[in-house]
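Student: I have a structure open and would like to learn how to read it. Could we go through it feature by feature?

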Amino acid sequence: MTEQASSTVPTVRHVPERFRYEIEVDGRTAGFTAYRDRGEQQRVFYHTKIYEAFSGRGLASRLVREALGDVREAGRRVVPVCPYVKAFLDKHEEFADITEPATPDVVRWIEAELR
């Protein structure tokens, strides 16, 4: 193993009490994608962040992929208000079956939720 290689594989965990999924590298939180649930069906993702010290490693993609897999397993649908999640979904058609558009109504709802 080289010095630059991570000693552990990045792991994603759901942290429902904080309404987000976090990605951890070597025991440190490297970033998160935040959501709110709208009703019983929709999980509205509104923000994704990878901390600067961890940028450039493909962690955001891994984080979002695993979060969306969890959404699928939970029987929910994804609504991408977050620009990163939307761009990811545009490139990954395998999640089209669980994706709903971020309509103006949803955007107004999430803005009210976060006040």
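Student: Which strands does helix α3 lie across?

Tutor: Keep in mind that this is a predicted model. Helix α3, residues 104-113, lies across β3, β4 and β5. Its direction is at about 115° to β3.

Student: What is the order of the strands in the sheet?

Tutor: The general idea comes before the case. Strands of a sheet pair through backbone hydrogen bonds, and the pairing is either parallel or antiparallel. Here five strands make an open sheet in the order β1-β2-β3-β4-β5, and the pairing is mixed. The edge strands are β1 (11-15) and β5 (77-80), each of which pairs on one side only. On average, neighbouring strands of this sheet are turned by 30° against each other, direction ignored.

Student: In which sense do β4 and β5 pair?

Tutor: They pair in the parallel sense, over four bridges, with β4 covering residues 42-50.

Student: Which strands does helix α1 lie across?

Tutor: Helix α1, residues 59-73, lies across β1, β2 (20-25), β3 (28-38), β4 and β5. Against β4, helix α1 runs at about 165°.

Student: How many residues are in the largest nonpolar core?

Tutor: In soluble globular proteins, nonpolar side chains tend to be buried together. In this structure the largest nonpolar core has 23 residues. Those with the most contacts inside this core are Tyr-21, Phe-45, Leu-68 and Val-78. Two or more residues come from each of β2, β3, β4, α1 and α2 (83-91). Helix α1 gives the largest share, seven residues.

Student: How many aromatic pairs does the whole structure have?

Tutor: A search finds six aromatic pairs. One of them joins Phe-19 and Tyr-35, edge-to-face, at 6.3 Å centre to centre with 80° between the planes.

Student: Why does the pair of Phe-19 and Tyr-35 tie together separate parts of the sequence?

Tutor: Phe-19 is in the loop between β1 and β2 while Tyr-35 is in strand β3, so the pair links parts that are 16 residues apart in sequence. Burial is read from the relative accessible area, where buried means under 20%. Tyr-35 has 2%, so Tyr-35 is buried. Phe-19 has 36% and is partly exposed.

Student: Why is the pair of Phe-32 and Tyr-51 called tilted?

Tutor: The planes of the two rings are at 55°, so the pair counts as tilted, and the ring centres are 6.3 Å apart. Phe-32 belongs to strand β3 and Tyr-51 to the loop between β4 and α1, so this pair ties together parts 19 residues apart in sequence. Phe-32 is buried at 10% relative accessible area, whereas Tyr-51 is partly exposed at 29%.

Student: Which residues form an aromatic cluster with Phe-19?

Tutor: Phe-19, Tyr-21, Tyr-35 and Phe-45 form one aromatic cluster. Charged side chains can also be checked against these rings. Arg-36 lies over the face of Phe-19, 4.3 Å from the ring centre. Arg-43 lies over the face of Tyr-35, also at 4.3 Å from the ring centre.

Student: Is Arg-43 buried or exposed?

Tutor: Arg-43, in strand β4, is buried, with a relative accessible area of 5%. Leaving out residues up to four places away in sequence, the residues that Arg-43 touches include His-14, Tyr-21, Asp-37, Asp-70 and Val-78.

Note on methods. Residues numbered from 1 in each chain as written. Predicted model: local features only at pLDDT ≥ 70, side-chain atom pairs only at ≥ 80, totals over all residues. Heavy atoms only, no water. Pairing = 2+ DSSP bridges. Axes fitted to C-alpha atoms, helices over the stretch in contact; angles between N-to-C directions. Contact = heavy atoms within 4.5 Å. Core = buried A, V, L, I, M, F, W, Y, C linked by side-chain atoms within 4.5 Å. Buried < 20%, exposed > 50% of the residue type's maximum accessible area, 1.4 Å probe, protein only. Phe/Tyr/Trp six-rings, centres within 6.5 Å; stacked < 30°, edge-to-face > 60°. Lys NZ or Arg CZ within 6 Å of the ring centre and 35° of its normal.
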